[in-house]
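Dear colleague,

Please find below the sequence and structure that I am handing over to you. A summary of what was found follows.

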Amino acid sequence: MTPEELRLAFTGRFGHDPGAIVRAPGRVNLIGEHTDTSDGFVLPMAIDREVRLALRGREDGTVHLRALDLDEEDAFAADAPHAREGWQAYAHGVAWALREAGHALRGMDGVFSGDVPRGAGLSSSAALELALARALMEASGLAWDPRAMAQACRRAENDWVGVASGIMDQLIGACAEEGAALLIDCRTLATDPVPIPPESTVVILDTGTRRGLVGSAYNERRAQVDAAARALGVATLRDANEEDLGAHAHAMDEAVLARARHVVRENARVLRAAEAMRAGDASALGRLMNDSHASLKHDFEVSGPALDAMVDVAQAQDGCFGARMTGAGFAGCAVALVARTAVPDFLADVETGYRRATDRAPALYPVAPAAGAGLLDETA
């Protein structure tokens with residue numbers, strides 16, 4: 001939805017113009033899956049698909065929101081959030097987390113819409129959280145601190161919504177720089193922009209399948225990772241290496257050892273991927289993406305039939321440097337790095353091949369690296 005369309009929707013609902021429009025991007029993780037919860041390294045990229053929210057502050061402390069894509073509304077006191085289900089849980093959770101962080105929130109009127117596919121592994125939930133946080137801070141006249149806001153939104157997702165996610169989604173959504181991916185150290189929250197290799201394009205490959213994050217095996221995998229850290233005697237798997245795995249393999253069952261093996265090796269792959277990107281080596285980055293998918297499939301066991309079919313088809317195409325599932329897993333999206341000149345043929349051939357393999361219609365779209373959450377447009 002364009003800013004003008006969003007402005008008209010706001011005016012139609014509330015009878016006056018919005019004071020501002022904010023935006024927050026979705027993201028695709030190039031490499032570094034299921035490492036953020038272990039204080040590890042990740043390499044995501046904010047994408048040019050986002051949640052946009054038009055708003056105007058209120059003096060009575062009430063938050064009125066309309067979700068245009070769902071044709072639903074909600075209203076609650078900013079100092080008394082309560083909803084724990086649906087998109088409303090994210091709105092209430094963000095308000096709660098911001099107040100817990102010491103921010104005195106005012107109310108606001110708001111309407112929002114987005115084109116980040118939901119449940120596809122592209123962080124639609126974090127995009128919504130950050131758009132809501134940006135709007136609440138704007139309505140309340142409070143300064144925007146990207147890292148602090150990422151931490152508050154993560155707390156909303158962990159402690160209010162109930163998803164044991166790491167910091168990656170919120171941090172890339174808050175701190176991304178236009179034109180680059182972001183190497184994130186999830187322990188220190190240090191970020192380093194890393195360029196996409198020249199003459200290459202990131203392509204999102206949506207399998208058309210979806211999963212529910214809270215109800216999935218995500219939290220089970222998190223528990224297994226924590227069990228591996230205890231067996232290895234480290235605070236998190238960020239502090240473990242291959243030698244540690246070999247020395248303590250007897251202390252873990254097969255599944256826990258496999259989960260640990262993925263995290264330890266994936267952290268190393270992320271750092272090598274950043275080096276390859278700085279060197280402009282698309283082929284090296286692609287090989288690491290392929291290795292990451294194999295590890296997610298066999299060791300972390302969070303891929304699925306549709307994701308595997310999509311990745312197999314993509315990897316077989318001329319001009320594809322590499323491809324892997326992205327996001328929490330089980331369903332949703334894969335990501336490929338493709339030579340820019342090969343993108344049209346790649347899109348056509350992957351669509352044909354994936355339909356043939358699964359009898360499903362995919363959604364395939366090239367994306368560009370976008371900036372983090374911010375003010376899109378001021379109208380008053």
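**An enclosed strand and its surroundings**

Strand β8 (residues 200-206) is largely enclosed by the rest of the structure, because seven of its seven residues are buried (under 20% relative accessible area, with exposed meaning over 50% and partly exposed in between; 1.4 Å probe, protein chains only). Helices (H or I, at least four residues) and strands (E, at least two) are DSSP runs, numbered from the N terminus. Please note that this is a predicted model, in which local features need pLDDT of at least 70 and side-chain atom pairs count only at pLDDT 80 or more, while totals for chains, interfaces and linings use all residues. Residues are numbered from 1 along each chain as its sequence is written, and side-chain values use heavy atoms, with hydrogens and water left out.

Both faces of β8 are covered: Ser200, Val202, Ile204 and Asp206 are buried on one side, and Thr201, Val203 and Leu205 on the other.

**The sheet**

Strand β8 belongs to an open, antiparallel sheet of four strands in the order β9-β10-β8-β11. The edges are taken by β9 and β11, each with a single partner strand, so one side of each is left without a neighbour in the sheet. Neighbouring strands are turned by 20 degrees against each other on average, direction ignored. Two strands pair if DSSP finds at least two bridges between them. With β10 (residues 333-339), β8 pairs in the antiparallel sense over seven bridges, and Ile204 has Val335 as its bridge partner there. With β11 (residues 363-367), β8 forms five bridges, also antiparallel; Asp206 stands opposite Ala363, and Val202 is partnered by Val367.

**The helix across the sheet**

Helix α10 (residues 305-315) lies across β8, β9, β10 and β11 and runs at about 175 degrees to β9. Axes are lines fitted to C-alpha atoms, for helices over the stretch in contact, and angles run from 0 to 180 degrees between N-to-C directions. Eight of the 11 residues of α10 are buried, so this helix too is largely enclosed by the rest of the structure. Among the buried residues are Leu307, Met310 and Val313. Their cover includes β8, α9 (282-298), β10 and α11 (343-358), where contact means heavy atoms within 4.5 Å.

The axes of α9 and α10 come within 12 Å and cross at roughly 160 degrees. The contact is made by Asn290, His293 and Lys297 of α9 and by Leu307, Asp308, Val311 and Gln315 of α10.

Yours sincerely
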